[in-house]
Amino acid sequence: MPKSLLIDPADMRKRGTLHAPEIPLNAYVSDPVAEALKYGSTALVRMYRDMLMIREFETMLDRIKKQGEYEGVTYEHRGPAHLSSGQEAAAVGQAYHLTPDDLIFGSHRSHGEILAKSLSAIHKMEAVALVHVMERYMDGDILRVVEDYSDSTEQGLAIDFTLYGALAEIFARKNGFNRGLGGSMHAFFPPFGVMPNNAIVGGSADIATGAALFKRINRKPGMVIANIGDASMGCGPTWEAMMFSAMDQFHTLWGGPSLGGRDGVKGHPPILFNFMNNFYGMGGQPKGETMGFDVLARVAMGVNPSGMHAERIDGFNPLAVADAIERKRAILESGNGPVLLDTVTYRFSGHSPSDASSYRDAQEVKLWQAQDALVQFAEYLVVNGHATTRVLEQLHAEIKGRVLLALRAASSDHISPRLNSRTGDIGPLMFSNQYKDRMAADEPEVLIPQSASRLTQLHEKHRFATDEQGAPNPKLKTLTYAEALTEAMIHRFYQDPTMVAYGEENRDWGGAFGVYRGLTECLPYHRLFNAPISEGAIVGTGVGYAISGGRAVVELMYCDFMGRAGDQIFNQMAKWQSMSGGMLQMPLVLRVSVGSKYGAQHSQDWSSLCAHIPGLKVFFPATAYDAKGMLNLALRGTDPVVFFESQRLYGEPERYVAGGVPRDYYEVPLGEPAIRRTGDDVTIVTIGATLTVAIEAARDLAQLGISAEVIDTRFINPLNYDTIIASVRKTGRCILASDACEQGSFLHTMATHITRAAFDQLDGPVTVVGARNWITPPTEIEELFFPQKSWLLDAIDDNILPIPGYASVRTSMEPR
């Protein structure tokens with residue numbers, strides 16, 4: 001919505017015709033003489049070696065999976081093994097020109113890409129650097145195993161390190177690249193530029209885009225490749241990622257002194273969407289059956305005027321793929337991406353070893369096998385004098401020996417044990433639980449000094465709802481819940497140079513609910529910007545940005561929109577830190593506004609959904625003091641946080657904490673509830689905005705001779721129950737309340753914990769009061785849906801403690 005971008009109706013209504021760019025199809029023409037001059041025999045043979053190593057590695061896996069044996073070693077592998085036999089040339093050709101600074105993200109079928117990228121990095125790194133990586137990674141656990149059987153040079157040792165680390169991960173071993181918590185479909189190794197591989201089809205697209213965004217904003221070298229399958233073209237995250245990466249603002253609004261950006265930030269993130277087009281998605285066939293594009297590269301014409309510089313390339317020729325990567329790198333480095341490659345390849349095996357390929361004609365498979373890239377490239381090497389058949393056979397024997405040694409070590413329970421939940425190995429890996437003021441040492445890029453920001457104006461406001469005599473302070477001159485959040489955001493923006501914030505209506509408007517008012521004047525576009533209405537990409541790119549080393553604050557305008565980003569929140573944001581075995585951190589805050597007044601699709605409290613997903617920290621402040629202190633805590637942490645905010649509270653001042661909201665920096669202790677009112681007869685525990693209702697109920701109870709203690713949980717995960725349990729043991733009675741629907745509410749989990757811990761002291765059942773198990777109705781009848789003061793009083797009177805002199809206002813016996 002920037003005023004600088006005029007939408008002129010004269011232009012928009014002008015008659016004309018759009019012309020699409022031409023898309024090359026398999027344009028590479030092999031020239032053996034030129035290729036010999038460019039690459040040399042050693043490099044060409046190394047390409048073949050890498051292809052052969054991938055084939056042998058996966059042949060071993062296939063035999064282990066189907067027969068339980070390889071070259072005399074027996075092992076039962078119970079996990080998955082999605083093989084890419086047939087696709088080796090596409091992986092090796094892609095990796096050839098890549099450096100360790102270049103990142104690849106992949107899919108469930110990425111063993112070949114992991115090995116190819118790692119082998120490429122090993123070749124390009126100095127021996128000292130390789131040893132440094134191996135010694136430091138997981139404190140040298142992988143290296144110590146490999147040193148016992150490898151007698152190679154540093155490069156050879158690194159190759160054995162890669163084979164063993166990858167295989168140990170596939171076998172769920174503690175010495176695997178990710179402590180065995182990623183497994184076959186998720187293995188990765190960041191020091192070589194191999195980033196998370198994703199079991200969700202298309203799941204890597206927006207995460208890779210976020211990694212490229214990190215590189216662009218923080219001026220880091222290298223490009224990023226999202227390796228996804230042709231079937232992912234039917235997935236929303238893939239389209240959202242391409243649209244996000246192609247935003248015009250990267251050229252129209254970012255960079256330049258007048259816009260507050262230094263050189264290097266203008267231009268699109270360096271992201272290449274590489275579709276490994278093996279013509280199958282499970283048993284479905286995108287070409288001719290489940291899609292309509294005919295040629296996958298065609299879809300790029302719908303993304304931007306350049307058609308994403310798309311082309312189809314021959315993935316059976318590693319030199320054709322290497323050529324394409326080299327050419328596309330220049331486009332990406334100039335900021336003129338994104339790029340799409342339709343890489344033609346084919347998997348000889350089924351989707352997995354249990355797949356008999358009954359959906360494929362056997363003749364089709366034979367046709368592709370007749371063009372096996374390994375066979376054809378070996379012939380190319382021999383015919384053109386780069387190697388003899390005997391040399392290639394010796395190479396194969398050497399590779400089989402390496403694979404066999406890796407298998408012996410990785411299959412041994414003694415050499416390669418697994419994590420043990422009984423000894424507490426796994427639980428601590430769910431969160432990093434670290435705190436960093438800044439994710440990099442650079443100076444934050446800002447447009448004005450902090451002293452000239454809106455923070456100065458906010459500091460002039462009253463910090464508490466009432467004055468010393470108890471009279472209300474003027475509303476417009478008193479700091480609100482929303483403004484307390486603003487203070488926390490401003491503070492961290494001026495501390496952490498990597499921090500960015502984006503979502504819908506984040507810039508110019510000041511955020512849909514005013515939390516970002518004043519930030520537009522403080523920050524250049526690349527640190528605060530509007531994203532497409534693509535909730536999946538908003539969260540997914542945030543995940544990629546965070547695991548790449550930056551701090552991101554992404555916002556969903558309404559809690560209800562979490563459904564549009566469900567995979568990115570529950571499968572990506574929640575899991576990559578733990579699936580990495582503690583190798584990654586994710587300083588990502590997802591701000592979510594819990595609505596009211598807007599009916600069934602804009603007024604739901606889904607905090608219980610997040611409570612159910614391991615790997616997410618879940619905060620829900622109910623006061624201005626906590627809004628600032630808890631956001632401060634989230635913005636200094638290295639874990640993913642879903643930060644719920646109630647729209648009913650945005651305009652509220654601090655009413656509970658004496659002295660109000662401090663002007664200085666402070667944090668709320670992680671997981672600790674707060675007692676908002678003391679009492680002796682009943683404990684009322686609330687989540688979110690229901691605190692206000694509970695305080696009102698407690699006041700009425702006091703007039704009826706009952707003393708209620710009111711506790712605000714503040715946190716959903718983690719949550720320290722000590723304060724709550726102590727209160728319930730004192731009062732003997734407990735009621736739990738929140739605006740989330742009662743069925744499936746996190747309150748029931750809380751009730752179970754409280755009952756178990758305080759059973760002997762309870763005088764009645766722990767009672768849950770939630771919203772009705774309906775759709776949220778229009779604002780005119782919301783009082784029938786969300787918990788009211790009378791609901792709490794009725795629940796106490798009916799279930800816990802008869803209230804003398806109280807007349808129930810229940811109008812129906814319908815369960816709430």
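Arg 463 and Glu 487 meet through their side chains in a salt bridge, with 2.8 Å from N to O. Keep in mind that this is a predicted model. Arg 463 sits in the loop between helix H16 (454-459) and helix H17 (481-493), while Glu 487 belongs to helix H17 itself, so the pair ties together parts that are 24 residues apart in sequence. Is Arg 463 buried or exposed? Arg 463 has a relative accessible area of 6%, so it counts as buried, the cut-off being under 20%. Glu 487 is buried as well, at 2% relative accessibility.

Here is that pair next to two others.

| Salt bridge | N to O distance |
|---|---|
| Arg 463 and Glu 487 | 2.8 Å |
| Arg 591 and Glu 645 | 2.7 Å |
| Asp 294 and Lys 287 | 2.6 Å |

As background, side chains of opposite charge can pair when their charged atoms come close. Arg 591 and Glu 645 form a salt bridge at 2.7 Å. That pair links distant parts of the chain: Arg 591 is in strand S12 (residues 588-594) and Glu 645 is in strand S14 (residues 641-646), 54 residues apart. Both Arg 591 and Glu 645 are buried.

Elsewhere, Arg 63, Glu 69, Glu 71 and Lys 400 are joined in a network of salt bridges. How many salt bridges are there by this rule? The count comes to 42.

In what order do its strands run? Its 5 strands line up as S15-S17-S16-S19-S20, making an open sheet with mixed pairing. Strand S15 (674-677) and strand S20 (767-771) are at the edges; each has a single partner strand, so one side of each is left without a neighbour in the sheet. On average, neighbouring strands here are turned by 25° against each other, ignoring direction.

One detail to look up in the viewer: Ala 674 has Asp 712 in S17 as its bridge partner.

Arg 677 is another residue to look at in strand S15. With 28% relative accessibility, Arg 677 counts as partly exposed. Setting aside neighbours within four places in sequence, its contacts are Ile 695, Ala 698, Arg 699, Ala 702, Ala 708, Glu 709 and Val 710. Arg 677 and Tyr 656 are 21 residues apart in sequence, and their C-alpha atoms are 8.7 Å apart in space.

Helix H26 (residues 746-758) lies across strand S16 (682-686), strand S19 (734-741) and S20, and runs at about 160° to S19.

Then there's helix H27 (residues 789-800). How far apart are the end C-alpha atoms of H27? They are 16 Å apart, which agrees with the 16 Å that its 12 residues should span at 1.5 Å a residue. The buried residues in H27 are Trp 791, Leu 792, Leu 793, Asp 794, Ala 795, Ile 796 and Ile 800. What covers those buried residues? The cover includes S16, helix H24 (690-703), S19 and S20.

Terms used. Residues are numbered from 1 along each chain as its sequence is written. This is a predicted model: local features need pLDDT of at least 70, side-chain atom pairs count only at pLDDT 80 or more; totals for chains, interfaces and linings use all residues. Side-chain values use heavy atoms; hydrogens and water are left out. Two strands pair if DSSP finds at least two bridges between them. Helices (H or I, at least four residues) and strands (E, at least two) are DSSP runs, numbered from the N terminus. Axes are lines fitted to C-alpha atoms, for helices over the stretch in contact, and angles run from 0 to 180 degrees between N-to-C directions. Contact means heavy atoms within 4.5 Å. A salt bridge is a side-chain nitrogen of Lys or Arg within 4 Å of a carboxyl oxygen of Asp or Glu. Buried means under 20% relative accessible area, exposed over 50%, partly exposed in between (1.4 Å probe, protein chains only). The expected span of a helix is 1.5 Å times one less than its number of residues.
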